[in-house]
Amino acid sequence: MLKRLLISLFFVVPTVVNSDEILSESKIFVENLGKEVVEKVSSLSISDADRHENFKRLYLSTFDNYYISRFVLGRYWKTINKIEQRQFVNSFNRYIVATYAPKFKGWEGTFKATDALLENNYYNVKMDIVNSEGPTLKMMWKMYLNKYREFKILDVNIDGVSMLVTQRAEFLSVIKNNPEGVKGLITAMDKKSESY
């Protein structure tokens, strides 16, 4: 279950300088994100409405949700017009927030970045997730530094499994089996979002 949750806690990448300072900053970034999740999403002392809003803010501000939306739709992205693309991005964002924000309620754990590498302008940060309910999970955060010198997350890999690739496989299956295709997927996401 934690693997599915952490999808929720993933274009042009500008050229960046390979420096120890930025690599250190990338590790601090994901550790701080983990702390915010525990304090502002997992905490039992906040209301469910605040949990939802806090998770929404964290997701939209730290993940490249446009890239993620486009990736999970795969080859179908080019089959829909600009208006439908915007509709899909908005529906997908609501779906992610509505699905995962409540599942973090009461979760306890620690996030420890163990290493950071720069490959082809992508920062890959290795992290250990230690929680009270199971073994330590090995994570890899894939991100880049935008022109405003802000990190944006593209994917979260947990124990060798890409959350981005997993989500795309699920969505493509829905599209394939729905007579309305992408529109059917959007409808299904909207219904699920409304149920929370």
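Predicted model: local features only at pLDDT ≥ 70, side-chain atom pairs only at ≥ 80, totals over all residues.
User: How do you know which parts of the chain the predictor was confident about, and where is confidence lowest and highest?

Analyst: The mean pLDDT of the chain is 88, and 90% of its residues reach 70 or more. Confidence is lowest in helix α1 (residues 2–8), at a mean of 50, and highest in helix α4 (residues 65–73), at 96. Over residues 7–18 the pLDDT stays under 50, although the model has 51 contacts beyond four places in sequence for this stretch.

User: Why are α4 and α5 called roughly perpendicular to each other?

Analyst: The axes of α4 and helix α5 (residues 82–100) cross at roughly 100° and come within 10 Å. Angles of 65 to 115 degrees count as roughly perpendicular, and the two helices are therefore described in that way.

User: What makes up the contact of α4 with α5, by class?

Analyst: From α4 come Asn65, Tyr66, Ile68, Ser69, Val72 and Leu73, which meet Phe88, Val89, Phe92 and Asn93 in α5. By class, this contact has seven nonpolar, three polar and no charged residues. Tyr is counted as nonpolar under the convention used here.

User: How do you know which strands stand at the edges of the sheet?

Analyst: The sheet is open and has five strands in the order β1-β2-β3-β4-β5, with antiparallel pairing. β1 (109–119) and β5 (161–162) each have a single partner strand, so one side of each is left without a neighbour in the sheet, and these two strands stand at the edges.

User: What makes β1 and β2 a pair, and how many bridges join them?

Analyst: Two strands pair if there are at least two bridges between them, and 10 bridges join β1 to strand β2 (residues 122–131), the two running antiparallel. The hairpin of β1 and β2 has two residues between the strands, and in it Asn120 takes a positive phi near 50°.

User: How do you know that β2 also pairs with β3, and how many bridges join β2 to β3?

Analyst: Seven bridges join β2 to strand β3 (residues 137–145), against a requirement of at least two, and these strands run antiparallel.

User: Why is β2 called mostly covered?

Analyst: A residue is buried when its relative accessible area is under 20%, and seven of the 10 residues of β2 are buried, so the strand is described as mostly covered.

Notes. Residues numbered from 1 in each chain as written. Heavy atoms only, no water. Helix = DSSP H or I, 4+ residues; strand = E, 2+ residues; numbered from the N terminus. pLDDT = per-residue confidence, 0-100. Contact = heavy atoms within 4.5 Å. Buried < 20%, exposed > 50% of the residue type's maximum accessible area, 1.4 Å probe, protein only. Axes fitted to C-alpha atoms, helices over the stretch in contact; angles between N-to-C directions. Parallel < 35°, antiparallel > 145°, perpendicular 65-115°, else oblique.
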